[in-house]
Amino acid sequence: MNIELITIGKTNIRFIQEGIAEYTKRLSHYIPFSIIAVPDLKNIAKLDKEQQKVAEGEKMLSLIQPGDYVVLLDERGRQYTSVEFSGFIEKAMLAGRKKIIFIVGGPFGFSQEMYNRADSQLSLSKMTFNHEMVRLFFIEQVYRAMTILRGEQYHHE
């Protein structure tokens, strides 16, 4: 199974870039993982919030194949403990899914078309985080899930 993270825009904060690189490297020992950064929209000043969500959604939807399992990282999504999240990943693996795509939306969230296509929604917290930090937190949680599934000592309860 492959795990892919789709985001809007690049990661510009240096320490977050370094953290993402570190956990992506660690993940490579467990599972194929990739990040796709959809370029920021141009001329966004001319777009209202809904138009921006629709335009971003169109770009992201173009990257998704019919058999992909799509999870939106959304504040209204289901919250898991780290152990529960590892169970979610394990269940997807056992179901024979070829690819799970997790998506971080733009500053205004997701279009209705994105919600319609999504198979699931996941919330990392009730708090709001900078979109760049969400990338790092999420990748660390995928790494943590892999170590939990392998019974390794990274996660402590």
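Which strand or helix gives the most to the lining of the largest pocket? The answer is taken up below, after the overall form of this predicted model.

Residues are numbered from 1 along each chain as its sequence is written. Because the model is predicted, local features need pLDDT of at least 70 and side-chain atom pairs count only at pLDDT 80 or more, while totals for chains, interfaces and linings use all residues; side-chain values use heavy atoms, with hydrogens and water left out.

The protein has five helices and five strands, where helices (H or I, at least four residues) and strands (E, at least two) are DSSP runs numbered from the N terminus. Along the sequence these elements follow the pattern β-α-β-α-β-α-β-α-β-α. A compact globule of 157 residues would have a radius of gyration near 15 Å, and the protein, with 15 Å, agrees with this; the radius is taken over C-alpha atoms, and the globule rule is 2.2 Å times the number of residues to the power 0.38.

The largest pocket holds about 460 Å³ of space, and among its 22 lining residues the closest to its centre are Leu 73, Asp 74, Glu 75, Thr 128 and His 131. A pocket is here an open set of points on a 1 Å grid over the protein atoms alone, where a 1.4 Å probe fits, with protein on both sides within 12 Å along at least five of seven lines, and lining residues have an atom within 4 Å of a point. Both β3 (69–78) and α5 (131–149) supply at least two residues each to this lining, and it is β3 that gives the most, with four residues.

Helix α5 is largely enclosed by the rest of the structure, because 14 of its 19 residues are buried. At 1.5 Å a residue, these 19 residues should span 27 Å, and the end C-alpha atoms of α5 are 27 Å apart, which agrees; the expected span is 1.5 Å times one less than the number of residues. At the start of α5, a side-chain oxygen of Asn 130 comes to within 2.6 Å of the backbone nitrogen of Glu 132, whereas just after the helix Gly 151 takes a positive phi of about 70 degrees.

Glu 18, placed in helix α1 (residues 14–27), counts as partly exposed because its relative accessibility is 47%.

Definitions and conventions. Points joined across faces, edges and corners; volume = space filled by probe spheres on them. Buried < 20%, exposed > 50% of the residue type's maximum accessible area, 1.4 Å probe, protein only. Polar contact = N/O pair within 3.5 Å; in protein donor to acceptor, adjacent residues only side chain to side chain.
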